[in-house]
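Dear colleague,

I am passing on the structure below, followed by some notes on what was found in it. Please read them with the structure open beside you.

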Amino acid sequence: MQTYKAQCPICDGQFTLSGIELSEIVSCNECKSRLVIKSIKSDQVQLAEAPAVEEDWGQ
Amino acid sequence: MKSIALLHSTIRGDEKLILEAARRKDVDMKIIDVRTEVLDPYRYEADFDLVLERCISTVKGTHATRFYEAIGIPVINSGTVAAICEDKFLTSLTLLKHKVPTVEFVMVFSLEQALKAIRDMGGFPVIFKPSLGSWGRLLSKVNDIDALETVIEHKDVLGSPQQKAFYIQRYVEKPGRDIRSFVVDGKAICAIYRDSPHWITNTARGGKASNCPITKDLSKISRQASDAVGGGILAMDIFETEEGLKINEINHTMEFKNSEAPTGVSISGAIVDYCIQTLKKL
């Protein structure tokens, strides 16, 4: 399975991810912030802070 | 070749399981983020034939479903099913109309009405729920008049207009658990018990999932409820009561990632199979 390099936009922690999809919510390995995968290019993913849970989310 | 679009507003573990199942079955499933789509009925160009609506946001999912159906692309679940299931009051009314056993309920708009309704239902405790809502948010178990006055005053002062419509359910004493059955095209494919010492048993609130055998009664009520709301892919929250099984709620964009392991059933695979069958009929 391909692995991707990622950097947390909150704490700058660096870690790797695998088996991911665009728009998936992941956690930073270091600061545990909720992050979303914004783009996947080559062996790099770009992460952003995940959107806050909204009132109409989930079932 | 006809294709399916998985419509989402964030990819959860559930959507990943569906995508993995589609890849295993060699099904072309396009991934569409509803937040990047312009739902313009004059210019929208769809390169898919069927939408599987999997938005975590009920509001976005509902609008998108209406849009795709309006431009001639069928959606699983249909807009009619979604409209019933996203609204707990409408779900209850629909189940009652079709004589499907469900938890006694009432809708009121004031403290005075609430007091009368609760007396008529047999007294406290009762459950207040937002008619639109999920993950057990803003549920209140109201044990007495003092709590009732407080809950209603808070909703009246702080709530949105939707929060000022009080959907009240009779409190059901549960055996420390409820049942969630996963129903595809009317058939209960598997079910879990959700055990919790708390009266709210949602797994999103810490309820523990374990396998629940599909009994004749569970299969029957699942099919009855599915037929009542219009079918499709549904998850039903069911209470075990002294009078038998009763439907509590029905979910039309169900979360299931924690239920495949305890049941041993590929719910994601069944979802993809249902999409393939629907696509073949188009």
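Domain 2 and domain 3 of chain B bury about 1300 Å² between them, 59% of which comes from carbon and sulfur atoms; buried area here is the accessible area (1.4 Å probe) that two parts lose on being put together, summed over both. Of the area that domain 2 of chain B buries against domain 3 of chain B, 46% is supplied by Lys88(B), Phe89(B) and Trp199(B), more than by any other three residues.

This is a predicted model, in which local features need pLDDT of at least 70 and side-chain atom pairs count only at pLDDT 80 or more, while totals for chains, interfaces and linings use all residues. Residues are numbered from 1 along each chain as its sequence is written, chains are lettered from A and ligands numbered from 1 in the order in which they are written, and side-chain values use heavy atoms, with hydrogens and water left out.

The domain assignment, automatic or from a database, gives chain B domain 1 (4-76), domain 2 (87-100 + 173-273) and domain 3 (105-170). The contact (heavy atoms within 4.5 Å) takes 14 residues from domain 2 of chain B and 17 residues from domain 3 of chain B.

Across this interface there is 1 salt bridge, a term that requires a side-chain nitrogen of Lys or Arg within 4 Å of a carboxyl oxygen of Asp or Glu. Glu249(B) forms a salt bridge with Lys129(B), their closest N and O atoms lying 2.7 Å apart.

With kind regards
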